[in-house]
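Open the model in your viewer and keep the selection tool at hand. We will go from stop to stop.

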Amino acid sequence: MSRADMSRLQLDKLRHIVDYCIANVPFYAERLSAAGVCGSRIKSLDDIKHIPFTTKEDLRDNYPFGLFGAPMKDIVRIHASSGTTGKPTVVGYTKNDLNMWSDCVARLLVSAGVSDEDIVQISFGYGLFTGALGLHYGLEKIGAAIIPASSGNSEKQIMLMNDFGVTGLVSTPTYAMYLSEFVKENNLDTGNFRLKHGIFGSESCSVEMRAKIEENFNLFATDNYGMSELMGPGLSGECRERDGLHICEDHFYGEIINSDTGESLPEGSVGEAVFTTLTREGFPMLRYRTKDISRFNYDICKCGRTAVRMDKIKGRTDDMLKIKGVNVFPSQIESVLLGQAHIGNHYQLVVTRDGYLDNLEIRVELIDGSLLESYKELENLQRNIQGKLRSVLGLDAKVSLVQPQTLERFQGKAKRVLDLRGEKNI
Ligand code: DLL
């Protein structure tokens with residue numbers, strides 16, 4: 001579609017979704033009326049700047065269903081991802097949304113070269129996370145044979161890949177890397193391996209790491225981006241050219257803004273990506289601030305597709321970390337630690353990379369140093385904290401208890417995170 005046609009389509013859909021939000025979500029009705037915005041007042045795409053931003057805090061304040069745009073009888077699926085506090089971010093889908101979602105995912109998969117001839121193993125964890133079911137229905141739409149392996153049990157993953165002649169692997173790049181090394185370390189049978197496609201996403205993957213996975217598994221990897229608040233995977237993805245991630249622009253209108261001033265930035269600038277869902281019914285989002293840093297390229301791709309491409313995510317504007325595919329906010333860890341006896345107010349998160357795997361160590365100051373002399377008590381405390389972290393974050397972290405007054409103190413904003421991963425994996 002030419003840029004002019006796409007812009008016309010987006011403008012029509014934007015007007016419609018704004019009126020839809022006013023009619024169906026009291027939160028938006030109030031915000032938009034205060035800003036003096038309604039569908040008929042939007043004369044050009046540029047007028048989107050009059051619509052106030054929506055943030056993760058707005059989602060938290062309206063937990064769990066306050067921002068849903070359809071009554072529960074029309075909601076057919078609910079997903080969730082990590083919030084900044086103990087409560088998750090909850091999103092809902094109507095039947096039309098699920099259809100649109102699988103269309104978007106299918107489109108990106110086709111542009112990555114996947115077809116109905118493929119046998120694809122989904123090694124994302126099935127559950128509240130949008131990754132597994134999002135890819136699942138997109139793959140089903142194009143007629144690929146799906147193996148819903150879910151994550152974990154690496155030996156079985158390899159056996160399935162080998163015995164079933166799997167041609168595509170869906171996972172985080174970290175897990176793909178882990179599996180490829182696991183094969184080598186355990187000398188597993190890969191005689192029938194037929195892998196061709198690595199469909200990765202949900203976390204960043206450097207070109208070096210991608211090359212390593214490709215070499216180990218003899219496949220061609222593409223990157224996929226999305227977030228639960230905006231649907232899940234299927235927002236954008238790489239085609240075979242791998243020169244940016246094509247955005248499904250007929251469903252998501254993207255902007256790049258200066259994250260300090262909120263101002264829209266001119267074409268070609270690096271800044272925070274903001275997206276408006278143009279067609280979602282269950283969970284419409286107007287100008288959602290992703291906090292992900294990228295850049296848009298409006299040139300036509302060598303593959304012939306005209307859809308705008310976003311650069312691979314370059315970082316975040318907040319302190320969210322992505323560790324082993326899990327979104328981790330320091331504030332979540334803090335709320336676990338602060339409820340704990342014997343623990344002071346000072347802690348530090350240290351993220352390191354061992355080979356290609358990320359590790360999180362949480363250093364926590366004890367109130368009373370004498371506890372360090374009792375091995376048993378120390379171990380109990382450590383285990384207790386680890387268990388709580390696992391249930392809140394779904395992530396294993398090393399907990400190190402340290403002497404009182406040994407962690408650095410800060411005059412201004414505390415620097416809680418020490419990210420030693422070199423190239424930042426978010
Ligand atoms: O990670 C959705 C997804 C699943 C995308 C599977 C692709 C494949 P959340 O769990 O809500 O959703 O996490 C969203 O993850 O704001 C980014 O910071 C990060 N992220 C997602 N994809 C990429 C990527 C899913 N390809 C958050 N590169 C986003 C870098 C990514 N970061």
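Start with a term: a polar contact is a pair of N or O atoms within 3.5 Å, and within protein one must be able to donate a hydrogen and the other to accept it. Keep in mind that this model is predicted.

**Stop 1: Glu 255**

Select Glu 255, in strand β10 (residues 252-257). Its side chain makes a polar contact with the side chain of Ser 264, at 3.4 Å. The side chains of Glu 255 and Arg 287 make a polar contact at 2.8 Å. Is Glu 255 buried or exposed? Glu 255 counts as buried because its relative accessible area is 6%, and buried means under 20%.

**Stop 2: the ligand**

Next, select the ligand. How many residues surround the ligand? There are 23, and the closest are Ser 202, Asp 223, Asn 224, Ser 228 and Asp 292. Colour this shell by class: seven residues are nonpolar, 10 are polar and six are charged.

Which element gives the most to the shell? It is β7, with five residues. Strand β7 covers residues 220-227, and α5 (130-142) also supplies at least two residues of the shell.

Now pick single atoms. A backbone N or O atom of Asn 224 sits 2.7 Å from a nitrogen atom of the ligand. In the side chain of Arg 316, an N or O atom is 3.3 Å from a ligand oxygen atom. For Lys 322, a polar side-chain atom lies 2.8 Å from an oxygen atom of the ligand. On its own, the ligand has 610 Å² of accessible area, and the protein covers 98% of that.

**Stop 3: the loop between α3 and β1**

Move to the loop between α3 (56-61) and β1 (75-81), where you will find Phe 65. Phe 65 is partly exposed, because its relative accessible area is 39%. Together with Phe 65, they make a nonpolar surface patch of about 260 Å².

Pro 64 is in this loop too. Look at the peptide bond from Tyr 63 to Pro 64: it is cis, with omega near -10°.

**Stop 4: two backbone angles**

Most residues other than glycine have a negative phi, and most peptide bonds are trans. Select Ser 150, in the loop between β4 (145-147) and α6 (154-163). Its phi is positive, near 65°.

Finish at Lys 291, in strand β12 (residues 288-297). What is the phi of Lys 291? It is near 70°, again a positive value. Lys 291 is partly exposed, with a relative accessible area of 23%.

Notes
Residues numbered from 1 in each chain as written. Predicted model: local features only at pLDDT ≥ 70, side-chain atom pairs only at ≥ 80, totals over all residues. Heavy atoms only, no water. Near = heavy atom within 4 Å. Areas by Shrake-Rupley, 256 points an atom, 1.4 Å probe, with all protein chains shown as cover. Helix = DSSP H or I, 4+ residues; strand = E, 2+ residues; numbered from the N terminus. Nonpolar A, V, L, I, M, F, W, Y, C, P; charged D, E, K, R; others polar. Patch = residues over 30% accessible without salt bridge, like charges linked within 9 Å, V, L, I, M, F, W, Y side chains within 5 Å. Salt bridge = Lys/Arg side-chain N within 4 Å of Asp/Glu carboxyl O. Buried < 20%, exposed > 50% of the residue type's maximum accessible area, 1.4 Å probe, protein only.
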